[in-house]
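Dear colleague,

Please find below the structure that I am handing over to you. My findings on confidence, salt bridges and aromatic pairs follow it.

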Amino acid sequence: MIRPSTPTAAWQPGMPGGNNLPSGPAGRPVPPGGDGHGPPAEAPTVTIGSYPDYPSAQRVVDYLADNRFPVQRTAIVGTNLTLVETVLGRMTTGRAALVGAGTGAWFGLFIGLLFGIFTAGSWVAVILVGLVIGAIWGAVFGAVAHAMTGGQRDFTSASSLRASQYAVTVDADQAEQAQQLLARMHLTPAGATAR
């Protein structure tokens with residue numbers, strides 16, 4: 001085997017002799033795309049207005065769209081998010097059974113309809129039997145599932161996210177056009193700041 005007398009630098013893409021290198025297990029080495037420092041950064045954005053509620057921010061974007069602004073370059077950003085869980089009522093075993101019966105009745109109705117399609121006799125009776133059996137099993141499962149919680153969650157609730165402020169942002173190169181359009185809309189945003 002012949003060894004070079006001088007140390008050589010590691011091969012880099014674009015160096016002479018690169019085409020003479022044998023392929024490795026993954027094929028020929030390919031230089032990385034971009035500048036080699038990770039994924040490209042997002043385009044800078046400018047906040048053209050901040051609004052206290054979502055409908056106001058939505059109205060601004062809708063106005064921009066109506067005036068042929070490229071709205072795919074905009075975003076509505078909710079800030080200071082808060083999780084709100086609204087308690088709807090007390091959950092008892094009886095109420096859990098009632099909710100389960102309703103869910104089971106819908107499922108039983110669906111199964112009854114499927115069987116009713118292929119029944120030669122009274123398809124209405126098949127649908128009603130499916131509905132009743134589904135309601136009974138749904139009530140049983142609802143009551144058992146609630147009883148298994150051990151009283152740790154004896155209420156029903158609905159959760160939602162709320163923001164204290166909604167900012168409308170656009171790409172920096174489109175900000176001037178968006179601000180000119182908003183000036184015609186006669187809405188006074190809380191401020192326009194670079195982000």
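The chain has a mean pLDDT of 80, and 74% of its residues reach 70 or more; pLDDT is the predictor's confidence in each residue, from 0 to 100. Over residues 187-195 the pLDDT falls below 50, yet in the model this stretch has 23 contacts beyond near neighbours in sequence (contact means heavy atoms within 4.5 Å). Where pLDDT is low, the predicted coordinates should not be read in detail.

As to conventions, this is a predicted model, in which local features need pLDDT of at least 70 and side-chain atom pairs count only at pLDDT 80 or more, while totals for chains, interfaces and linings use all residues. Residues are numbered from 1 along each chain as its sequence is written, and side-chain values use heavy atoms, with hydrogens and water left out.

Salt bridges

The structure holds two salt bridges, each defined as a side-chain nitrogen of Lys or Arg within 4 Å of a carboxyl oxygen of Asp or Glu. In one of them, Arg73 pairs with Asp171, and the closest N and O atoms are 2.7 Å apart. This pair links distant parts of the chain, with Arg73 in the loop between helix 1 and strand 2 (74-90) and Asp171 in strand 3, 98 residues apart. Helices (H or I, at least four residues) and strands (E, at least two) are DSSP runs, numbered from the N terminus.

Arg73 also meets Asp173 in a salt bridge, at 2.7 Å from N to O. Asp173 lies in the loop between strand 3 and helix 4 (175-185), so its pairing with Arg73 ties together parts that are 100 residues apart in sequence. Through shared partners, salt bridges join Arg73, Asp171 and Asp173 into one network.

How accessible are these residues? Asp171 is buried, with a relative accessible area of 17%, Arg73 is partly exposed at 26%, and Asp173 is exposed at 57%. Here buried means under 20% relative accessible area, exposed over 50%, and partly exposed in between (1.4 Å probe, protein chains only).

Aromatic pairs

Rings of Phe, Tyr and Trp (its six-membered ring) pair if their centres lie within 6.5 Å; planes under 30 degrees apart count as stacked, over 60 as edge-to-face and the rest as tilted. By this rule there are two aromatic pairs. In the pair of Tyr54 and Tyr166, the ring centres are 5.7 Å apart and the planes stand at 75°, so the pair is edge-to-face. Tyr54 belongs to helix 1 (residues 54-66) and Tyr166 to strand 3 (residues 155-171), so the pair ties together parts 112 residues apart in sequence. Tyr54 is partly exposed at 39% relative accessibility, whereas Tyr166 is buried at 16%.

With kind regards
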